[in-house]
Amino acid sequence: MKILTGNDLKTGDVVWWTGSGWSRHVEDSADVGETGEALARQEEAARRVNVPYVIDASMTAEGPRPAHIKDRVRALGPTIRPDLTLKPADPSAGNWVI
């Protein structure tokens, strides 16, 4: 199966095409088949999504599962913990600004 993903233009969130709109949950994604590339161009031109692209996936009991590890990581959501980021000018963090 082929599914369409991209980033929400307003929030930057990873989104998945459901067949009638966009969802933040890969489980909601629909098979776009051979129409995926045309749909991606249409949605990008309408400014609903940024950098959409079609990926391979397989259907599982939990819903579509992206074939490539990169897209499976994207499907999990943000991986950055703001509470662990270092402040650029924080001397105790070893990041000296001169």
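The side chain of Thr-5 forms a polar contact with the side chain of Arg-74, at 2.9 Å. The structure examined here is a predicted model. Thr-5 belongs to strand β1, which spans residues 2-8. Because its relative accessibility is 0%, Thr-5 is classed as buried. When residues up to four places away in sequence are left aside, Thr-5 touches Val-14, Val-15, Trp-16, Trp-22, Val-51, Pro-52, Tyr-53, Ile-55 and Arg-74.

Nonpolar side chains tend to be buried together in soluble globular proteins. In the present model, the largest nonpolar core comprises 6 residues, namely Ile-3, Val-14, Trp-16, Val-26, Ile-55 and Ala-57. Two or more residues of this core are contributed by each of the elements β2 (14-17) and β4 (49-60). Another core, of 5 residues, lies apart from it and includes Leu-4, Trp-17, Val-32 and Ala-40.

The largest pocket holds about 220 Å³ of space. It is lined by 14 residues, of which Val-26, Glu-27, Pro-64, Pro-66 and Ala-75 are the closest to its centre. Strand β5 (63-66) and helix α2 (69-76) are the elements that each supply two or more residues to this lining. By residue class, the lining consists of 6 nonpolar, 3 polar and 5 charged residues.

Notes. Residues numbered from 1 in each chain as written. Predicted model: local features only at pLDDT ≥ 70, side-chain atom pairs only at ≥ 80, totals over all residues. Heavy atoms only, no water. Core = buried A, V, L, I, M, F, W, Y, C linked by side-chain atoms within 4.5 Å. Buried < 20%, exposed > 50% of the residue type's maximum accessible area, 1.4 Å probe, protein only. Helix = DSSP H or I, 4+ residues; strand = E, 2+ residues; numbered from the N terminus. 1 Å grid on protein atoms, 1.4 Å probe; cavity = no way out; pocket = protein on both sides within 12 Å on 5 of 7 lines; lining within 4 Å. Points joined across faces, edges and corners; volume = space filled by probe spheres on them. Nonpolar A, V, L, I, M, F, W, Y, C, P; charged D, E, K, R; others polar. Polar contact = N/O pair within 3.5 Å; in protein donor to acceptor, adjacent residues only side chain to side chain. Contact = heavy atoms within 4.5 Å.
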